[in-house]
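Open the model in your viewer and keep the selection tool ready. The stops below are meant to be taken in order.

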Amino acid sequence: MKKQRTLQQTEEFIHNAAEHYGWVANPDDDFRKTIAEGLTTNANRFGYYLCPCRDGDGDRRADDDIVCPCVYADPDIDEYGQCFCGLFLSREKAASGNTEVQ
């Protein structure tokens, strides 16, 4: 049986991914926790952090583009200041204080 991921491990993943890519994890704790719960559920169900905001197949190869952070995150952050689900923000958007997900 594979080891289940915890919400704390997912939060660490989120912050590490944001730092790695030069983004900011959404500072709204309640919002971020909701997304983290979805990521944790998907990781424990499928074995990988499938974005909870997109429909996946549960097949790692088919879902490769929507594994968090998804391949759409970087272009979305460049254009909109956030990824589709709003988990990751550009540094500029985060610094503006306008962290409302659009």
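**Stop 1: a loop serine**

Select Ser-90, which sits in the loop between β2 (88–89) and α4 (91–96); helices (H or I, at least four residues) and strands (E, at least two) are DSSP runs, numbered from the N terminus. The model is predicted, with local features needing pLDDT of at least 70 and side-chain atom pairs counting only at pLDDT 80 or more, while totals for chains, interfaces and linings use all residues. Residues are numbered from 1 along each chain as its sequence is written, and side-chain values use heavy atoms, with hydrogens and water left out.

Is Ser-90 buried or exposed? Ser-90 is buried, at a relative accessible area of 10%; buried means under 20% relative accessible area (1.4 Å probe, protein chains only). Not counting residues up to four places away in sequence, Ser-90 touches Val-24, Ile-77 and Gly-81, where contact means heavy atoms within 4.5 Å.

**Stop 2: the largest nonpolar core**

Next select Ile-14, Leu-39, Cys-83, Leu-87 and Phe-88, which touch the most other members among the 19 residues of the largest nonpolar core. Such a core is a set of buried Ala, Val, Leu, Ile, Met, Phe, Trp, Tyr and Cys residues joined through side-chain atoms within 4.5 Å. Two or more residues come from each of α1 (7–21), α2 and α3, and α2 gives the most, with 4 residues.

Keep Ile-14 selected: beyond four places in sequence, Ile-14 touches Ala-25, Arg-32, Ala-36, Leu-39, Leu-87 and Phe-88.

**Stop 3: a cis bond**

Finish at Pro-69, in the loop between α2 (29–46) and α3 (73–80). The peptide bond from Cys-68 to Pro-69 is cis, with omega near -10 degrees. Most peptide bonds are trans.

Notes. Buried < 20%, exposed > 50% of the residue type's maximum accessible area, 1.4 Å probe, protein only.
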